[in-house]
Each structure stands twice: as structure tokens, then as C-alpha cells.
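Have the sequence and the 3D view open side by side, and take the points in order.

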Amino acid sequence: LAAHLHGQRCPPYVINLDPAVRDLPFPANIDIRDTVKYKEVMKQYGLGPNGGIVTSLNLFATRFDQVMKFIEKRQNASKYVIIDTPGQIEVFTWSASGTIITEALASSFPAVVVYVMDTSRSTNPVTFMSNMLYACSILYKTKLPFVVVMNKTDIIDHSFAVEWMQDFETFQDALNQETSYVSNLTRSMSLVLDEFYSSLKVVGVSAVLGTGLDDFFVQLSKAVDEYEREYRPEYERLRKTLEKAQNKQKREQLEHLWKDMGSVCVQGNTLAGSDDSSAVGPSELILTRGTLDEEEERESDTDDIDHEVTEESHEEPAFRNFMQEMRMKYQRSSNLNE
């Protein structure tokens, strides 16, 4: 995909979310491996391979809002953003971080899930059905436009799989050669998935030869149209609901802060005098927090994520110092009143 888009003079913005991959065969603008060290995570938390990947993703997901900012900055320069997720399906799809990342992307941009299956390993009807069940579960989990890409068509053509999806009888004939319990279960499941097949976008490609990628982008544009028509209105509604809830929570927090600290600050200002610069009311503090000048942009996107994690940690001690000053002023005013 990256090579094809570069060949079309439409370079994509590429993000790698697989912390355990040793070598990337493509250049990545953001690489999770620069932020989270997979082996260190396994060592520190006493985890196995899958647990290490899940925890690495969880740690990275806490800073995914910064990744979203980089994507927004590049949306005029790059038409496509390619996000490569870990190969273990359950690690990403059924984890909290996978949901956070998917929903963050889908709430801001037309997002499409691309399910890549190995065509050469799906010639067995039972294995094929297993792949389709995986695809169906991901579709209903993500609730996003979905494209099934049957890879490695240079080894075997994907027409047999398309025929199995379109013709129930042909798939049953293939299953008749199997006599195990699993084949009987597969036969029953094929009836259930008939509706799933009818609306599924399928394309065969070869990553080695680059064939089928033009057809893939045709299906991708259809999936984007589907997102704009059916999914964006729902995400807009959810976003407005979330914003209302957040604004309400902020108002309640401000009211509590005024109630708890307002009288203390009035007494503190009276005691300190007009030229005491430390006597600042809570409303002034709130207005000045978060309005500091942003640092100049840096070239490395992943370095920015690491840097922001370090810089942000200075904010909380300042707030603690403020609270301590308020408590001291409150004690002084209480002693005078007594």
C-alpha cells in the first residue's frame, strides 16, 4: 500500500502500532517502538508475548490524543493514513486500547477497517469459515465500514473464496468432503453468515506483485462513502452528547472550587496586601493554566510524543503548591479570627 501510493505521488502517513515487530518493511511517520520498549514491558510486568503487546498498546493509547494532532496537521499533505495494527487479532480488537484508538480515529476521520486474510491458507472450507467468523466479529465490534482483502493471489486465485461466499451450494459441496464435528458446525454457521456475505466488500490482491491494489482503492472509496452516509451522523451525535457531559462536569467542578476556595482567597488577599503577587484567586489560576506558549514544532513526531509526556508532568506540582498556599492562608486567617 505504501509503495503503491508513493508510486502514485500520493505519499501516505504511516503509523506502526505493532511493538513486537523486529523490522518494518516500510518507513513509518510514527512508530510505537520509539515510545514503548516491548521487551522492557514484558520484563517489568512479568508478561508473555501477547500480554506485553496489550500492555504496550495500553501505555501508548494514553497519549493517542497527541497522535491525533499529528494526523490533523498532515491531513492536507496526506490523503491516506495507514495504521498497521498487531497481527494477533484478539490483542487489538478485544483490548481497551484497541477500542480507544479505533473510536478516536472514527470520531474525527473517515475510518475503514481492512481485514487481510491469507488466501493460500483458506482453501480448506473449515479454515475459510474460521476466517469469516473472525471478520464478522471484528465488523460488529468496530461498527465501521469493512473491506476483506484476500492476499497472496499470486499463489492462488481468490475466485474460489468469492464463489463460496456467493453460492451456498458450492460451499456445502466443499464441506461434504469433511466428516468431522467441526465441518457440521461450519455447515450450520454458513447459513448464519449468508447475510454477512451479501454486504461484504471483497477484493483479491498480491502484496508481492502489487496486483489488485487499484480494485482495493475502488472498494475503499465505496467504504468511505458508506462512512459519510451511515457512520458519521452517529459519531457526530455521540460527540455532541459527550461534549455536553464534559461541559456539565467542568461547570460542576468550577462551582465546587469557587465554593471551597472563594472565601479563603478573599481573606488571603486582605491579609497579604495589594503588592503580594502570590495572592491569586482560583478563577485567575484556572484561566492561566494551559495558556502557556507552545514550544516550536519539532521534526520527529514520535519524539514529540515522548517529550510531551515528560513536559506535562510539571503541571501537577504547581497546582499542589497553590493548594498548599491556600491552606496556609486559611490557617492564618482562622488564627486572626480567633
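1. Let's begin in helix H12, where glutamate 234 and arginine 237 sit 3 residues apart, so about one helical turn separates them. Their side chains form a salt bridge, with the closest N and O atoms 2.6 Å apart. Glutamate 234 is partly exposed at 37% relative accessibility, and arginine 237 is also partly exposed, at 44%. Please keep in mind that this is a predicted model.

2. Another salt bridge joins lysine 201 to glutamate 226, and here the closest N and O atoms are 2.6 Å apart. This pair links distant parts of the chain: lysine 201 belongs to strand E6 (residues 201-204) and glutamate 226 to helix H12 (residues 213-272), 25 residues apart. Both lysine 201 and glutamate 226 are buried.

3. Next, have a look at arginine 121 and aspartate 118, whose side chains meet in a salt bridge at 3.7 Å, N to O. Arginine 121 has 63% relative accessibility, so it counts as exposed. Aspartate 118 has a relative accessible area of 18%, under the 20% limit for buried. A network of salt bridges links Asp118, Arg121 and Lys152. The count of salt bridges for the model comes to 8.

4. What about a charged residue without such a partner? Aspartate 18 is buried yet has no salt bridge, and the nearest side chain of opposite charge, arginine 33, is 7.9 Å away. You will find aspartate 18 in the loop between strand E1 (13-16) and strand E2 (30-31). A polar atom of the aspartate 18 side chain lies 3.1 Å from the backbone nitrogen of alanine 20. Beyond its neighbours within four places in sequence, aspartate 18 is in contact with Ile32, Arg33, Asp84, Pro86 and Gly87.

5. Strand E5 (residues 146-151) is worth a slow look: 6 of its 6 residues are buried, so the rest of the structure largely encloses the strand. Phe146, Val148 and Met150 point one way from E5, while Val147, Val149 and Asn151 point the other way. Strand E4 (residues 113-118) runs parallel to E5 and is joined to it by 6 bridges. In this pairing, valine 116 stands opposite valine 149 of E5.

6. Finally, which residues of helix H6 (residues 96-106) are buried? They are Ser97, Gly98, Ile101, Thr102, Leu105 and Ala106. Viewed down the axis of H6, these buried residues fall within an arc of 155°, so they line one face of the helix.

Definitions and conventions. Residues are numbered from 1 along each chain as its sequence is written. This is a predicted model: local features need pLDDT of at least 70, side-chain atom pairs count only at pLDDT 80 or more; totals for chains, interfaces and linings use all residues. Side-chain values use heavy atoms; hydrogens and water are left out. Helices (H or I, at least four residues) and strands (E, at least two) are DSSP runs, numbered from the N terminus. Buried means under 20% relative accessible area, exposed over 50%, partly exposed in between (1.4 Å probe, protein chains only). Lys and Arg count as positive and Asp and Glu as negative; His and the chain ends are not counted. A salt bridge is a side-chain nitrogen of Lys or Arg within 4 Å of a carboxyl oxygen of Asp or Glu. A polar contact is a pair of N or O atoms within 3.5 Å; within protein, one must be able to donate a hydrogen and the other to accept it, and residues adjacent in sequence count only if both atoms are side-chain atoms. Contact means heavy atoms within 4.5 Å. The arc is that of the directions from the helix axis to the C-beta atoms. Two strands pair if DSSP finds at least two bridges between them.
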